[in-house]
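The following note concerns helix packing and the nonpolar cores. Please read the points alongside the model.

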Amino acid sequence: MSRKKKVPRWKKVLRIRKTMATLILIGAVAAVAIAVANSRRTPIAREDTQMTPQDVVDLLPPEEEEESQQEETVGIGWNYPDAQGWYTVGDAKILSGYTAIPSTNVVAPGEDDVNSTYMVLINESNNEIVSQKNATARISPASMTKIMTVLVAAEHVSNLDDTVTISIEVTDYAYSHDCSSVGYLDGEVTTVRDLFYGTILPSGGDAALALVNYVAGSEEAFVEMMNDKLEELGLSETSHFTNCIGLYDENHYSTVYDMAMILKAAVENDWCREVLSAHVYITTPSEQHPDGITISNWFLRRIEDKDSDGLVLCAKTGFVNQSGNCAASYAIMNDGTPYICVTADAYSSWRCIYDHVAAYSKYTP
């Protein structure tokens, strides 16, 4: 896909200064926007709420942003396991199973490299932990929870082209819990396929709730299925879910190690892997959105030009105050070795991305 030239750094700095100089005006506009949003009862995307200067640049008018069109999802040549329990992705071999053990020379990442409080890096060719920091400590998984949401849903959906009508209960739930959203409106008709992409790319609470209602009839029933899946993966003693979105609850918890195993299971599912690897997607046109809604996985779009010594194929981010910025990603290094990295409690969304870059580039053999 053709891309426009990158904006010179000096021009970005100038744009930031101009933006900061008009904060009062922005505040007034924001107040009006919030009032309008309240009147329409439309949920607002709030995944990454801790801003950095680069985040400000990203929120400026997109006249010099990449072309907004649907990209083809990454095809990574997946095959099912053979008799020895190996999967293959291209030339990479991945050992199946959901238990990883520390390597003989596991290292703790340096603070200057990985700032996140919690981190695990796993070599999927031998199921060895090569680097870790508080990997088994309890965390709030935030929207990384949605990896399990799409995994369980994928195992129970037979028709991705079936249609779903978005209800006022779904939009109100997302709004009242201040969830990130796709932007669906009451009465909008969409497809099950779109709900999967909407759950992952913009971390849409509206899409996630509509999806689980479609699959199980209610969020409560679906959460039982999520916890059954934890038991199946052998993670039920250290992880437990109370909702499908990742809202904070003291009984909704996991570890970065467990989230790595959940991502591994999702990557081994053909449909989940396709959704988790999409950079941009346009939803099916509807009466409310005749051109569809363009949604993006900003983690993948921001990390793709960073030097991680490989290719980051799949990712899901998360943020609540109790978790800080967190992310789970799957990558294949230049030598063909597959890795999974999960971090939690970074101080910004960009710091989270650079923690994954450092993990892959500095702590893989």
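Contact here means heavy atoms within 4.5 Å. The model is predicted: local features need pLDDT of at least 70 and side-chain atom pairs pLDDT 80 or more, whereas totals for chains, interfaces and linings use all residues. Residues are numbered from 1 along each chain as its sequence is written, and side-chain values use heavy atoms, without hydrogens and water.

1. Leaving aside neighbours within four places in sequence, Met148 contacts Met226, Lys229, Leu230, Leu233, Phe241 and Ile262.

2. Of its 75 residues, Met148, Phe196, Ile262 and Val342 touch the most other members. Helix 9 (residues 256-267) gives the most to this core, with 10 residues. A second, separate core of 23 residues includes Phe299, Met333, Ala358 and Ala359.

3. Helices are DSSP runs (H or I, at least four residues), numbered from the N terminus. Axes are lines fitted to C-alpha atoms over the stretch in contact, and angles run from 0 to 180 degrees between N-to-C directions. Helix 4 (residues 145-154) and helix 6 (residues 192-200) pack at about 165°, their axes 9 Å apart. Helix 4 is therefore roughly antiparallel (over 145 degrees) to helix 6. Lys146, Ile147, Val150, Ala153 and Ala154 of helix 4 meet Phe196, Thr199 and Ile200 of helix 6.

4. The axes of helix 7 (residues 205-216) and helix 8 (residues 219-232) come within 8 Å and cross at roughly 85°. Helix 7 is therefore roughly perpendicular (65 to 115 degrees) to helix 8.

Note on methods. Helices (H or I, at least four residues) and strands (E, at least two) are DSSP runs, numbered from the N terminus. Angles under 35 degrees count as roughly parallel, over 145 as roughly antiparallel, 65 to 115 as roughly perpendicular and the rest as oblique. A nonpolar core is a set of buried Ala, Val, Leu, Ile, Met, Phe, Trp, Tyr and Cys residues joined through side-chain atoms within 4.5 Å. Buried means under 20% relative accessible area, exposed over 50%, partly exposed in between (1.4 Å probe, protein chains only).
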